[in-house]
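Please open the structure in your viewer and keep the selection panel at hand.

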Amino acid sequence: MQNVEALWTDFSRPIINADDYIASLRGRRMNVYFMGERVPEPADHPVIRPSINAMAETYRLASERPELGSVRTEIGGCQTNRFLHVPTRADELVAKHEMQRELGRRTGTCFQRCVGLDAIGACHSVTFDIDAERGTDYHQRFLAFLKRAQNANIVIGGAMTDPKGDRSKAPHQQSDLDLFLRVVRRDDKGIYVSGAKLHQTGAVNSHWLIFMPTMRMTEADRDWSVVGAVRVDAPGLTYVVGRQTNDTRVVDGGELDAGNARFAGQEALIVFDNVFVPHEHVFMDGEWQYAATLVERFTTYHRSSYVCKTGLGDVLIGAAAEAASHNGVESVSHIKDKLVEMTHLNETIYSSCMAAAYRSKPMASGAYLNDEMLSNVAKHNVTRFPFEISRLAQDIAGGLVVTMPSEKDLQNNEVGPLVRKFLQGRDGVDTVDRLRVLRLIENMTIGRNAVGYLTESLHGAGSPQAQRIQIARGMKIEDKKARARALAGSSAPKN
């Protein structure tokens, strides 16, 4: 057990740039596993490192384009990364979305900081509301925590999704009570939590985690209605890094077969075993009535944050167009039409996300929240359109995207010349350049980074039905019926 000051000693100097960030990850005593083996230094692990590189781009963007990647914050009284900022105007949410699209373009993958950012926004307003109604001091605790984080310019990850076990049962009804993260003990210093969080994006690459409930709670679920912050290397935390399709291609030698050898996403199972959280870092403990509000505000932020997929879409559209050019068919009408359709779908996602930002409104705390209806519409578009964009990219690329030989075949003295001869495209295009582009399309549509572009688009921030439920709640169908009756000159039914 450590006091709060000791927990922040490592962060006395702010992280300035991407190199500082990568250096800050070394030497931490974390309990990380991948493929059945403990990883002593995640920053040097070849499969994990590309995800660290992707997160480092959030610092590189802030250095190269400070107006986009950083912001002056009143809470910390300093210039800090935009991923640590609570938006207090609509234009700040607009800038957030522009930043997310740009990072998607730069990395072609998930850069892993949006969950933490959106957790910050949700906690800001919900802790304020709890204090106003209950006389607690959660908001001041949260502001003190966030001020330290902003001044240190660290990465905060978010942890929301519980294993859930039997989905028909509430947390307190599970046969194993750890299937939802819960408070198992309290003392005068703080609380102790046990359980797990699944699918946690960028967990190993973060400095701190904010954990939150994943669903609406009941009074019997008080111990599961908990929000707090812990260091990622806190005693009692274990990380099991998930597999991704073709993730070990980066250790096969060379870079071509990986498709995008430099950047990737990362998810992990986080196990909490009696993890201590000092009272200063507890932002909800037992206020079960606010769990649903927290989840709804978080998902409203986060569903609009899927504007990042339009950055990935930009990359994939470019790769498809390049593949068509390599094949000499860039001027064929059906190819041009498919590229137009891909762009139409991509910009439809962008427009709904940006509309949700422009139509944001202030909470009582002063934080601005995206328009709920438009955020859910945006995310519902994301559950569909990247799949169609990917299908069209594969259509344009052709079957070679999944049948081409490996880089080692290219390097073989006997078959390498044959591969180069028979896999060439139009004159003037190097065969290796052609294969590199096809590998990128493979990487984004069925390979490692399809995790972030496709499956995450489907299930992240709630699966499609979650958005449909929120859309149904907000569609004001009776108002629409009344407007139709008024124009038709009809009257409302009497029963």
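A polar contact is a pair of N or O atoms within 3.5 Å; within protein, one must be able to donate a hydrogen and the other to accept it, and residues adjacent in sequence count only if both atoms are side-chain atoms. This is a predicted model, in which local features need pLDDT of at least 70 and side-chain atom pairs pLDDT 80 or more, while totals for chains, interfaces and linings use all residues. Residues are numbered from 1 along each chain as its sequence is written, and side-chain values use heavy atoms, without hydrogens and water.

Select D430 and V432: at the start of α16, a side-chain oxygen of D430 comes to within 2.8 Å of the backbone nitrogen of V432.

Next, select Y21, V193, I210 and Y239, which have the most contacts inside the largest nonpolar core, a group of 122 residues. Such a core is a set of buried Ala, Val, Leu, Ile, Met, Phe, Trp, Tyr and Cys residues joined through side-chain atoms within 4.5 Å. Helix α10 (residues 333-358) gives the most to this core, with nine residues. A second, separate core of nine residues includes L61, F111, C114 and L117.

Finally, display the whole chain: it contains 19 helices, and 55% of its 495 residues are buried.

How values were computed: Buried < 20%, exposed > 50% of the residue type's maximum accessible area, 1.4 Å probe, protein only. Helix = DSSP H or I, 4+ residues; strand = E, 2+ residues; numbered from the N terminus.
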